[in-house]
Amino acid sequence: MTETNQDDARVQALRSVVERVTAWQETAPDGTIREELAKALNEAGVTLTEEQQELVTEQISRQEEVDVDQLADHSGEGGPA
């Protein structure tokens, strides 16, 4: 798989994870959101740093938009699992 295809796959996987957790957990407590995020990332085969996971959890909790492209751009900080 080329680097561009890997980047595209990572963006799509992250987008799917964020959409899943956001749709299912909009009103859930942060701990539940974090658990569901970790589960969805694992199932998608994508990793994020602890800091990235905390940021995404907070953004979903506050019903803010998560910048998936920015997360994917920092693949050296999380990268594929």
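This is a predicted model: local features need pLDDT of at least 70, side-chain atom pairs count only at pLDDT 80 or more; totals for chains, interfaces and linings use all residues.
Entry 1: Asp-67 sits in the loop between α3 (50-61) and α4 (68-73). Its relative accessible area is 39%, so I wrote down Asp-67 as partly exposed.

**Entry 2: opposite charges.** Side chains of opposite charge can pair when their charged atoms come close, so I turned to the pairs next. How many salt bridges does the count come to? I got 7 salt bridges.

**Entry 3: Arg-20 and Glu-43.** I found these two side chains meeting in a salt bridge, 2.7 Å from N to O. The pair links distant parts of the chain: Arg-20 belongs to helix α1 (residues 3-25) and Glu-43 to helix α2 (residues 30-44), 23 residues apart. Arg-20 is partly exposed at 31% relative accessibility, while Glu-43 is exposed at 53%.

**Entry 4: Arg-34 and Glu-54.** Here I saw a salt bridge with its closest N and O atoms 2.8 Å apart. Glu-54 is in helix α3 and Arg-34 in helix α2, 20 residues apart, and this pair too links distant parts of the chain. Is Arg-34 buried or exposed? I noted Arg-34 as buried, because its relative accessible area is 19% and buried means under 20%. Glu-54 is partly exposed, at 34%.

**Entry 5: Arg-62 and Glu-58.** My last pair is a salt bridge of 3.8 Å, N to O. I also noted a network: salt bridges with shared partners join Arg-20, Glu-36 and Glu-43.

Key: Residues are numbered from 1 along each chain as its sequence is written. Side-chain values use heavy atoms; hydrogens and water are left out. Helices (H or I, at least four residues) and strands (E, at least two) are DSSP runs, numbered from the N terminus. Buried means under 20% relative accessible area, exposed over 50%, partly exposed in between (1.4 Å probe, protein chains only). A salt bridge is a side-chain nitrogen of Lys or Arg within 4 Å of a carboxyl oxygen of Asp or Glu.
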